[in-house]
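Keep the viewer open as you read.

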Amino acid sequence: MSLKTLSTNKSFGGVQGVYSHSSAETGTDMTFAVFVPDHQDGTKLPVLWYLSGLTCTHANVMDKGEYRRMAAELGLIVICPDTSPRGDDVPNDDSYDMGQGAGFYVDATEQPWAANFRMRSYIERELPEIIAREFPADMDRQGIFGHSMGGHGALTIALRNPERFKSVSAFAPIASPLHCPWGHKALGGYLGSDQASWRKYDACALIDDGARVNDILVDQGTADQFLEEQLKPQLLVEACDRAAIPLTLNMREGYDHSYFTISTFMDDHLRWHAARL
């Protein structure tokens with residue numbers, strides 16, 4: 001499986017690269033970004049995955065997330081995958097919250113999505129193998145975080161793989177797709193009408209079903225336009241309380257759903273992960 005380098009730029013002493021490869025999971029070419037800090041030859045660095053939200057690609061956080069200065073200081077590799085398969089032959093939807101750009105980090109079972117929309121397996125299995133082979137990554141020290149749909153992805157992936165991910169955090173995550181319109185549309189479309197099959201893609205349901213992580217950090221803006229209808233962080237608070245999972249939920253007064261918020265609190269999240277990795 002050959003890796004193609006699309007671009008590299010020096011930044012804060014390290015290298016910000018963008019790469020592509022042919023994915024066996026999605027049946028498409030996939031693009032992702034990796035920042036590697038300056039390091040001594042032979043050194044293996046901890047790995048932090050960032051999963052983006054609806055409509056985003058690898059480039060949104062790379063261009064607007066402002067993570068490189070702190071990642072370089074802390075010695076963290078930061079990996080930014082795309083949010084879905086893409087291409088002229090890949091199924092799509094006219095709306096922004098379904099189809100290309102809206103993979104929801106699931107393995108779809110329904111047509112026409114099942115052949116390509118396998119973002120769970122891509123993030124959990126295929127891309128980590130490439131990272132381990134091609135980059136100076138210590139795969140025994142991995143953390144994961146994300147925003148909105150990507151926050152949902154980070155929480156659910158960490159809860160399903162606690163032996164792999166030693167830290168997890170999120171910006172404005174979709175706390176429970178079982179209880180919001182975005183979740184009902186996407187999970188219903190990708191997985192079908194049986195909501196029992198949705199539970200492995202819902203952080204609150206996974207916790208109620210026995211999944212555990214050591215602790216969770218969430219930053220949520222009080223001026224987020226999606227807060228009440230779609231994100232519902234209180235459901236995550238209640239699930240963590242029931243399971244005795246330590247949750248730090250920072251309600252940030254006046255902040256919204258944008259990358260202005262993410263970039264403001266990015267350093268806090270990088271420090272959180274570095275302390276655990």
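## A tour of the fold

Lys232 sits in the loop between α7 (227-231) and α8 (233-243); helices (H or I, at least four residues) and strands (E, at least two) are DSSP runs, numbered from the N terminus. Its phi is near 50°, a positive value in a residue other than glycine. Lys232 is partly exposed, with a relative accessible area of 28%; buried means under 20% relative accessible area, exposed over 50%, and partly exposed in between (1.4 Å probe, protein chains only).

Before going further, some ground rules: this is a predicted model, where local features need pLDDT of at least 70, side-chain atom pairs count only at pLDDT 80 or more, and totals for chains, interfaces and linings use all residues. Residues are numbered from 1 along each chain as its sequence is written, and side-chain values use heavy atoms, with hydrogens and water left out.

Phe104 also has a positive phi, about 60°, although it is not a glycine. You'll find Phe104 in the loop between β5 and α3, and it is buried, with a relative accessible area of 0%. The loop between β5 (77-81) and α3 also holds Pro112, and the peptide bond from Gln111 to Pro112 is cis, with omega near 5°.

Now zoom out. The protein chain has nine helices and nine strands. Its radius of gyration is 17 Å, close to the 19 Å that the globule rule gives for 277 residues, so the chain is as compact as a globular protein of that length. (That radius is taken over C-alpha atoms, and the rule is 2.2 Å times the number of residues to the power 0.38.) Along the principal axes, the C-alpha trace spans about 50 × 40 × 35 Å. Buried residues account for 60% of the 277.

On to the rings. Rings of Phe, Tyr and Trp (its six-membered ring) pair if their centres lie within 6.5 Å; planes under 30 degrees apart count as stacked, over 60 as edge-to-face and the rest as tilted. By this rule there are 10 aromatic pairs. Tyr19 and Phe135 have ring centres 5.2 Å apart and planes at 75°, so they are edge-to-face. Since Tyr19 is in strand β2 (residues 14-22) and Phe135 in the loop between α3 (119-134) and β6 (137-147), the pair ties together parts that are 116 residues apart in sequence. Both Tyr19 and Phe135 are buried. Another edge-to-face pair is Tyr50 with Phe145, at 5.1 Å centre to centre and 80° between the planes. Tyr50 lies in strand β4 (residues 45-51) and Phe145 in strand β6, so this pair links parts 95 residues apart in sequence.

Finally, the largest pocket, with a volume of about 240 Å³. On a 1 Å grid over the protein atoms alone, a pocket is an open set of points where a 1.4 Å probe fits, with protein on both sides within 12 Å along at least five of seven lines; lining residues have an atom within 4 Å of a point. Grid points are joined across faces, edges and corners, and a volume is the space filled by probe spheres set on the points.
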